[in-house]
Amino acid sequence: MSRDSHKPVAAVFCMPEDGHFMLLRPVIAGLVRSGFAVHVFTHRRFGAEIERVGGRLEDLFTSHPLERADADSRPIPCRYVSFAGFYAEEILADLRRLRPALIVYETFAVIGRLAATQLGIPGINVSPNHNLNPAKALPLLAADPRVKISPACHRAVEILRERYRLADASPFSYISGLSPDLNLICEPPAFLSEEERPAFEPLAFFGCLPWIGEFGEKSRKAVSPYFGDDPGRRRVYACFGTVIWRYYAKEALAALRAVSDYVAGRPDAVALLGLSGAPIEPPVIRELEKPNVRVTGYVDQWSVLAEADVFVSHHGINSTHEAIFHRVPMLSYPFFGDQPLLAEKCRRFGVAVPLAGSLRGPVGVEDLRRAMAALFENGESLQARLEEARNRELEVMARRDSVLRRILELVAVRQGAR
């Protein structure tokens, strides 16, 4: 008999998005700590991390290829709606054999929401965005110039509405999958105002960083693996995550060129530019590289931020809160979606300064000089604001056990009602 055979089962769903898995990782670890046998339905590339926190990988996309359901819709998350309609019966059959007591899904995993409603068990939604209120975001998406909905997606929407009774199904269901049971917000409470919270109720704040016991404080060393061996120079890290390269590669490269040119003219600075695996041509990379500017495809961002002095960021939710934890101030260059809202929130908290005057606006060396001066003009105040923001991260993590108890009670109540 399996050592987990006596445990209640939690089925967790994550689409093949690196950032979304990072947000789910502490939730998976918490469910394991709470006594669940956690089966994570996602891409196999996340398998090692799933096992490391005590979960079990269920290889979702080898047996259910995303491109078979939809290879054409844009934005790409529209394909996750197609995926849910196309593979629902097969995945539901697998779940019925597994007999979960709980479904957890990140919002883009439409199949997770569908599974919870069809199985009649609690479904916990984990929001992978900052304050992405569906009522406000859906009209904007409908007018987004990136949108191209395939026939496969339209068919899937019909299936979700007619066969599975998801009355609000649309090609954009990947942002509207809030749960009537509980929605986990992957940020501290200060990042969602009292006026903003009703759209996400019932909610609980969980944060997005690893559990406190999973990381140690990294001391700043004179010799840095990422920035070299001169501790007297300002260490600039610039990275825009993975998703923006699908849609805004031209704008991202232009901003990175500005960072490179700025640092190249500063003998007191050194920079690391992260491309997050984007397929950038070697001549373009050589153009970005300078004697004091290094370009790399992938980095351990957690470790880089432990060494950096400033972070040029798009304000993805993981990147933003990792920077705050490491007390690294940010120069904001958001691209789309929730990023401008999170950049503005960080500006109000005094831990970030805008780099451009408009969304995806042009950036030059003078913009970097101006923003850098504004960021560091009052060093003591900046450090105080960073410390205050970091304490919010620690506080939300310290309250995670109470959120997990709430989830356990939700499962117990639902099971008792059967």
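Predicted model: local features only at pLDDT ≥ 70, side-chain atom pairs only at ≥ 80, totals over all residues.
Hi everyone. Numbering runs from 1 along each chain as its sequence is written, and side-chain values use heavy atoms, leaving out hydrogens and water.

First, Y248. With a relative accessible area of 10%, Y248 is buried. You'll find Y248 in the loop between α9 (244-247) and α10 (249-264); helices here are DSSP runs (H or I, at least four residues), strands likewise (E, at least two), numbered from the N terminus. Beyond its neighbours within four places in sequence, Y248 is in contact (heavy atoms within 4.5 Å) with R146, F335, F336 and R360. Y248 and F336 sit 88 residues apart in sequence, yet 9.3 Å apart in space, C-alpha to C-alpha.

Next, helix α13, residues 317-325. How many of its nine residues are buried? Nine of the nine, so α13 is largely enclosed by the rest of the structure. Among them are N318, H321 and E322. The buried residues of α13 pack against α1 (18-33), α12 (301-305), β11 (310-313), β12 (330-332), α14 (339-348) and α16 (379-398). Just after α13, R327 takes a positive phi of about 60°.

Last stop, L331. Leaving aside its neighbours within four places in sequence, L331 is in contact with residues including V310, V312, L355 and L375. Thanks, everyone!

Terms used
Buried < 20%, exposed > 50% of the residue type's maximum accessible area, 1.4 Å probe, protein only.
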